[in-house]
Amino acid sequence: MKQISYIVLLVLILTSCSTSRNTLRNTTIGGLSGTEYMEKVIEWTPSRDNLTARARIELNVGSSSPMSVNANMRVRRGEIIRFSVAPILGIEVARIDITPDKIMAVDRMNKRYVELGFAEISSLLNTELDFNILQSLILNEIFIPGKDKLSVADASGFTLSPYADRARLQVKGTKRIGYSFFTSATDGRLEETVIALKDLPYSLHCRYADFTMLGNDVFPQSIEMMSEGTDKKYSLDMKLSRINTDSNWDSKTELSSKYRKMSVQELLKLFIKQ
């Protein structure tokens with residue numbers, strides 16, 4: 001079944017003091033000192049516990065025709081990111097659950113599933129990947145790898161520089177992977193995240209656009225992720241609607257004994273067939 005292949009591939013694509021304070025102090029962004037601006041960006045970043053939306057997902061894996069799917073997206077901070085595909089009369093045909101420990105994709109039609117731990121996925125992709133990074137990309141948040149949540153005290157963990165009409169924030173002290181965030185100089189909203197392998201041309205760009213009000217804050221209705229430096233173009237474009245912060249949904253997935261666990265080799269064969 002193609003749905004489970006597409007939705008798993010979606011996730012795989014989605015795949016890091018005093019001197020610093022002096023640097024921030026000597027930088028001015030939007031009329032604020034660097035320190036003030038960084039602290040404001042962190043303060044203004046909403047910390048939503050739940051997010052739900054309807055997502056139109058278009059996936060380009062280097063082929064001539066992109067693959068598209070409609071899904072319900074649900075996020076519960078620190079617990080789960082879920083994509084559920086239910087095209088026929090609201091009946092779910094595929095589901096993917098991303099938790100802090102693993103990724104599980106379920107094929108309801110053929111009663112099978114695949115489970116991969118983040119350590120195994122990082123090994124397969126030869127890169128570092130964890131739940132918090134994926135969660136931050138989807139929730140339109142700046143982050144420091146290994147931290148669940150930022151506070152104003154983390155402002156010194158970034159370097160800051162003007163970048164046209166935006167500000168560029170870079171996480172300090174990373175070795176193999178660089179993390180950059182481009183924010184609006186006027187209101188501090190996050191417009192782009194870049195995750196790049198240092199000294200190599202490979203990077204992932206996550207761009208946010210078409211912001212809409214969500215409670216007292218704004219949230220992007222367009223999230224576009226794309227690779228740079230690869231031979232083929234890989235991209236994921238999510239158009240969101242019906243965005244809400246509803247918490248009235250069950251985060252558990254329970255499978256009966258009728259479901260068969262697939263191996264990684266079987267999963268790869270599904271990709272080869274596409």
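Two strands count as paired if DSSP finds at least two bridges between them. Keep that in mind for this tour of a predicted model.

**Whole protein.** Show everything as a cartoon. Of the 274 residues, 49% count as buried. The accessible surface comes to about 13,700 Å², and 47% of that belongs to carbon and sulfur atoms.

**Strands 12 and 13.** Select residues 190-197, which are strand 12, and residues 203-214, which are strand 13. The two pair in the antiparallel sense over five bridges. Now pick Ala196. Its bridge partner in strand 13 is Ser203. Five residues lie between the strands in this hairpin, and Asp199 takes a positive phi near 65°.

**Strand 14.** Click Thr212: Phe219 of strand 14 stands opposite. The hairpin of strands 13 and 14 has two residues between them. Gly215, in the turn, has a positive phi of about 70°.

**The core.** Which residues have the most contacts inside the largest nonpolar core? Select Met73, Ile142, Phe158, Leu169, Phe181 and Leu240. The core has 63 residues. Helix 5 gives the largest share of this core, six residues. Next, center on Leu169. Among the residues it touches are Tyr37, Val41, Ile142, Phe158 and Phe181.

**Helix 5.** Select residues 131-139 and find Leu134. Is Leu134 buried or exposed? Leu134 counts as buried, because its relative accessibility is 1% and the cut-off is under 20%. Finally, select Ile98. Ile98 and Leu134 are 36 residues apart in sequence, and their C-alpha atoms are 9.0 Å apart in space.

Conventions. Residues are numbered from 1 along each chain as its sequence is written. This is a predicted model: local features need pLDDT of at least 70, side-chain atom pairs count only at pLDDT 80 or more; totals for chains, interfaces and linings use all residues. Side-chain values use heavy atoms; hydrogens and water are left out. Helices (H or I, at least four residues) and strands (E, at least two) are DSSP runs, numbered from the N terminus. Buried means under 20% relative accessible area, exposed over 50%, partly exposed in between (1.4 Å probe, protein chains only). Accessible areas come from the Shrake-Rupley method with a 1.4 Å probe; for residues, only the protein chains shown count as cover. A nonpolar core is a set of buried Ala, Val, Leu, Ile, Met, Phe, Trp, Tyr and Cys residues joined through side-chain atoms within 4.5 Å. Contact means heavy atoms within 4.5 Å. Lists of a residue's contacts leave out its neighbours within four places in sequence.
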